[in-house]
Amino acid sequence: GLVMSTLLLLTVWRLKRREPPPAPERRTVDVFITCYDEPLQLIRRTALGACAIRYPHKTYILDDGKRNEVRAMARSLGIGYIRRKGNEHAKAGNLNNALRHTRGEFILQLDADHVPLPNILDRVLGYFNDARVAFVQTPQDFYNTSDSFTHVVNDEGRRMWEENRIFFSLIQPGKDAQNAAFFCGSCGILRRQALQSIGGFSTRSITEDMETSLVLHARGWQSVYHGETLAYGLAPASAGQYHVQRLRWGQGSMQILRKMNPLFYRGLNWRQRLQYFASVGSYFDGLQKLVFYLAPLVFLYTGVLPVRVSDRELMIRLIPYVALSIASFELLSRGTGWILISERYNMTKFFTYIMAVSALFTRKPLKFKVTPKGEGDVPWRTYAPQLALAILSMFALPFAMLAYRYDWIEYQVSGVMSAAFLVNAAWVCWNLYFALYVVRHSILSRQQRTDYRFVDTLPVQVQPLLSADAASAFAATVQDLNARGLSFRSTARLDEGTAVGIPLALTTAHVRARGTIKRVTSIDTRFGRVYAHGVQFDDDLPLTDRDAIELHCTHHSVPLWQQRYRQSVHLLSHFAERMRDLRVAQRRPVQLPALVRAHGADATSTSAIALLEEVSQSGARLLMDQPALPGTVIEYEVPGTSLKGAGTVVFSRAFESPRNIRFAIGICTNDCRPSWVSRAVSWGRHFGRHAAAPALEPALEPALEPALIEPSAKDATRVA
């Protein structure tokens, strides 16, 4: 634990942030999409994103599943298709085979589920102007946040945490400062010449990405980590998928440690040796966690003390240790750590890490297991260790009380109120909480749909097709969307089975979608009754329209939604926000379409349909397609409800995707002079802006009125 903590400190003490040089012209790039048994629609989504990359390139699907339907899809999209005989060396062998059949100077490697943004090559190719750079790695981010096993989303505070975020926001930038950032298997661009210099992707382990990076660094090549998200993929949707992925990573790391021990691998400098050792050695954390989980149980069931000291000696060390551990973790993680959530996932993966360590002692070939995609059951064995720990922890304290009372066990302590009893009781309750959380989370986590629905708040006009009367159309707000259907919220109700027409003004095309209402959910709000409708598109919706929906969702909806959530909240800024929440007016989520009229300073007026996100006693927040200057007077009204009001614009914040821009408009209906709490929030954010890493810094509105900041999408998420 001490060794790994020291290595972590050395890694994240200084982070490297880069600004990319302009991309060179007329360079040749091959985009590789590796696939095996993933759903066809998932591969098509990634292929569509790859085809839409703006920089000139050639796209290839590398099909190790050898499916004719994948070949036909590639042909219909006009992209290359490569398959091979056999599946030797799994993904590494698939990539090496493709290298022999292509000629591009650079390789953009994408897994089947990672959809690139159109500007990915424009943002990273400039780094290769340095002839010593072998590869550029970008973060792996994800779009299935509501179905993900690894995401924790706080809609009220607009905060989001993902287990890999610490790695991509802290560890990789720290490694980059020491020329030790490594290729992560997807969302990375490699120089063909560098790969050829080492004979292609390395095949000695089942983690070809880290292994190839290690060999390239040992040959003198340099690496770059670019911290901007330029592709979105699928995070594990269930506990089963999560453990398959983490076990493969851990077993591959043990193979690297056994076959290519980084501490002694020829060609690496001492910084690189330590960094690679830190990466493969992190899987020993499972053994350390096991000791901490079992130590209080050993005392309560046997009377054996983990530490044999007096109460005073224990407390004067334990209390500062705990306080300093929490403070140092939060400060080093720069607001990304979220220690309680991190501990949940430490409990989740400790046994998987222990299983992975066993690969250090076996010489049998390990099978490359692809992370499953789509719906699936959650085997009980995925949470069996945590369940056993929970049961043991649950009965430990009652047993110890009885054992002490009736002298079943000789506890060498001064009583049940001694520090030994109290500390171990608190310790076992702490472990019990996390174990029960993991069991519950594992049982409940599963992909909710065959295909993921993307969050989008798009104002639409819904037309019941049984009525030719144009007046029967009503305003609604799309809540989620994919190529198969959508859901919308409105104050009007339609019956299940009703055929509807919904024109969608997407960023990629105007789609006239037709479908059938499959479900209707009634939601009672303080503004009246609201109805959530689920729509399944008709089968005859043209494939071009479905593709336009896919690109709109992955290139516009996902980046726009992600911008509105913070993945880093500095400790002081978080404290200031908590103080603010003690006195601000309650913000009430609405998430309904509103008719808006804006009156400018030049006496001109404009009308539009916007999304009314929330209201409070002193203001409201709207999401619009057009900006509004501060000082503009805006009137809004939600048809079918009593919701109406007017106010002055106090902020207008732009959210930009690669395809379009939308604007969050805050209006104030009362006096919006900043309070002392608002000033504290501004001060906290100012401090956090300088203390946190730039890539993690949230872009927030001015703290003119706390009630107007950080809207809630809780209702929308629940309906979706």
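**Burial, strand pairing and salt bridges in a predicted chain**

Arginine 662 is buried, with a relative accessible area of 5%. Buried here means under 20% relative accessible area, exposed over 50%, and partly exposed in between (1.4 Å probe, protein chains only). The model is predicted: local features need pLDDT of at least 70, side-chain atom pairs count only at pLDDT 80 or more, and totals for chains, interfaces and linings use all residues. Residues are numbered from 1 along each chain as its sequence is written, and side-chain values use heavy atoms, with hydrogens and water left out.

The chain has 720 residues, and 57% of them are buried. It holds 19 helices and 24 strands. These are DSSP runs numbered from the N terminus (helices: H or I, at least four residues; strands: E, at least two). A contact requires heavy atoms within 4.5 Å. Of the contacts with a separation of 6 or more, 74% join residues 24 or more positions apart. The accessible surface is about 31400 Å², and carbon and sulfur atoms account for 56% of it. Areas come from the Shrake-Rupley method with a 1.4 Å probe; for residues, only the protein chains shown count as cover.

Strand β4 (residues 106-111) is largely enclosed by the rest of the structure, because 5 of its 6 residues are buried. Two strands pair if DSSP finds at least two bridges between them. Strand β1 (residues 29-35) runs parallel to β4 over 6 bridges. Within this pairing, isoleucine 33 has leucine 110 of β4 as its bridge partner. Strand β10 (residues 188-191) pairs with β4 in the antiparallel sense over 4 bridges. Here phenylalanine 106 stands opposite arginine 191.

A separate description applies to an open sheet of 3 strands, ordered β5-β12-β7 with mixed pairing. β5 (115-116) and β7 (141-142) are its edges; each has a single partner strand, so one side of each lacks a neighbour in the sheet. β5 and β12 (residues 231-233) are antiparallel over 2 bridges. Proline 116 faces alanine 231 of β12.

The largest nonpolar core has 46 residues. Such a core is a set of buried Ala, Val, Leu, Ile, Met, Phe, Trp, Tyr and Cys residues joined through side-chain atoms within 4.5 Å. Phe32, Leu62, Phe201 and Leu216 have the most contacts inside the largest core. Another core, of 34 residues, lies apart from it and includes Val462, Val511, Ala513 and Leu541.

The chain contains 22 salt bridges. The criterion is a side-chain nitrogen of Lys or Arg within 4 Å of a carboxyl oxygen of Asp or Glu. Aspartate 547 pairs with arginine 44, with the closest N and O atoms 2.9 Å apart. This pair links helix α16 (residues 543-563), which holds aspartate 547, to helix α2 (residues 40-51), which holds arginine 44, across 503 residues. Aspartate 547 is buried at 12% relative accessible area, and arginine 44 is buried at 8%.

Lysine 91 forms a salt bridge with glutamate 208, at 3.9 Å between the closest N and O atoms. Lysine 91 lies in helix α4 (residues 90-101) and glutamate 208 in helix α8 (residues 208-218), 117 residues apart. Arginine 662 meets aspartate 625 in a salt bridge (3.3 Å, N to O). Aspartate 625 sits in the loop between β21 (619-624) and β22 (633-637) and arginine 662 in strand β24 (residues 661-668), so the pair ties together parts 37 residues apart in sequence. Aspartate 625 is partly exposed, at 45% relative accessibility.
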